[in-house]
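Please read these notes with the model open beside you.

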Amino acid sequence: MVFVGAQWGDEGKGKVVDVLSERAQAVVRFQGGHNAGHTIYVDGVKTVLHLIPSGILRPDVLCVIGGGVAVSPTDLLNEIADLERQGVRVRDRLTIAPTCPLILPLHRELDLARERRRGNDPIGTTGRGIGPAYEDKVARRAVRVAHLLDRTCLREALAEVSDYHNFLLENYYRWTPVDIGSMEAELERLASTLSPMVRDPVPELARIRTSGGSILFEGAQGTMLDLDHGTYPYVTSSNTTASAALSGAGVGMRDIDAVYGITKAYTTRVGWGPFPTELDDPVGESLARRGREAGATTGRARRCGWLDAVVLRHSVKLNGLGGLCLTKLDVLDGMEELKICVSYRHPRMRDPTIWLDPTLLSECEPIYETLSGWTEPTTGTRDFLALPESAQSYVRKVEELAGVPVVFLSTGMERKDCIQLKEIL
Ligand code: GDP
Ligand code: IMO
Ligand code: MG
């Protein structure tokens, strides 16, 4: 079962996957890297995951970092150490695919240098080196997790990329080159700690499927940040849509029973690029304040706006969504009226190929349907019929506009704050 972000990321994937992993045997991350920040609250304890799948807080669940994930060894080990300090067992439950491309300090420098070079039109990346690491993968020169298992292989692979990137950094970007000796020494030091967790996840996942177990595939980022289908070039450097689960984990189509999209009850975006329903006004500020909309990875303020059903319908098609998990409904409590964007109007073009051109998309005017809000608090509600009538109508309207049912409703940050409208596991 695949769970992907249906918007621009930060929809609450971590929260939903943590809740549902109670009944799963494995949770797999299949793309992205530590640009992701997935926040989970259990009994007031906050955990922010970047690379480790959101099944890690369930002691019996196997967690897999699939080969489609770009891995920064330093950040992964820091994340493991943080979890262990919190009393979470990690090492014997985590499998890291040997085929994952590594994110090296060189990639981070390149990411920053490229953003600087774009001047007043940056992408607004997380600065984690994600794009340059995936470029190396596509160029067939990536240093991979498998290289960590053998010192000679590691040195040879590093020599090739280091030469190339340091030349680029110094001579094209006029940037300080990376000290290769210390990068190599650091990787060799980390290799021995990571090595015991490196194994091919393909047979493990196949075994779970054959024995009738459930695997949750946890997306990172969101559909509109997909490298091919998102608001290019203001996207991330991996495919965030459901099909990436197959290649990024190493499973076949028959291993996927269903795909669900996670969406907030409104919309947010971090970084730059078009965002038709963005609210640059007190309503937007109020959503940001009540939704605590600051990035889990970079701490940047998230841009906020009304729910965009055009985006949701696009997500349904791109991912083959069978349903939606709607989060942060409680953030809308106390708002007098609510709006949902049902279509776009462009000043010049009748049917703009909207998703292909960021300028066209940013020129679109959202057409809204207005709904009445509710005054009663919904935080922590665990029964759909106990929700205020207007809140129930809001959910039903989302279903009608998206064309798929809402299967899961989240009414607060805590693990227990949710309503499962349909048994999906
Ligand atoms: P992810 O990247 O998709 O996992 O989402 P993030 O963790 O980056 O951002 C979602 C934020 O919303 C986190 O801080 C969650 O704790 C919080 N959250 C998730 N679901 C709910 C909800 O239903 N209500 C409220 N108030 N907060 C929620
Ligand atoms: P989760 O998994 C929201 C955005 C960045 C930037 C663009 C490219 O927590 O939902 P990158 O560093 O990936 O090259 O940046 O993608 N971005 C995210 N936005 N949530 C994320 O992850 C994101 N990961 C990347 O802000 O606009
Ligand atoms: Mg996030």
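1. A residue is called buried if its relative accessible area is under 20%, exposed if over 50%, and partly exposed in between, using a 1.4 Å probe and protein chains only. At 47% relative accessibility, Tyr172 is therefore partly exposed. Tyr173 has a relative accessible area of 13% and so is buried.

2. This is a predicted model, in which local features need pLDDT of at least 70 and side-chain atom pairs count only at pLDDT 80 or more, while totals for chains, interfaces and linings use all residues; side-chain values use heavy atoms, with hydrogens and water left out. Residues are numbered from 1 along each chain as its sequence is written, and chains are lettered from A and ligands numbered from 1 in the order in which they are written.

3. A search of the whole structure finds four aromatic pairs (rings of Phe, Tyr and Trp, the last by its six-membered ring, with centres within 6.5 Å; planes under 30 degrees apart are stacked, over 60 edge-to-face, the rest tilted). One of them joins Tyr172 and Tyr173, edge-to-face, at 4.8 Å centre to centre with 80° between the planes. Another is Trp374 with Tyr394: the centres are 6.1 Å apart and the planes at 65°, so this pair is edge-to-face. Trp374 lies in the loop between β14 and α12 and Tyr394 in helix α12, so the pair ties together parts 20 residues apart in sequence. Trp374 is buried, at 3%, and Tyr394 is buried, at 0%.

4. Arg117 lies over the face of Tyr172, 4.6 Å from the ring centre (the rule: NZ of Lys or CZ of Arg within 6 Å of the ring centre and within 35 degrees of the ring normal).

5. Helices (H or I, at least four residues) and strands (E, at least two) are DSSP runs, numbered from the N terminus. Gly403 follows α12 and has a positive phi, near 85°.
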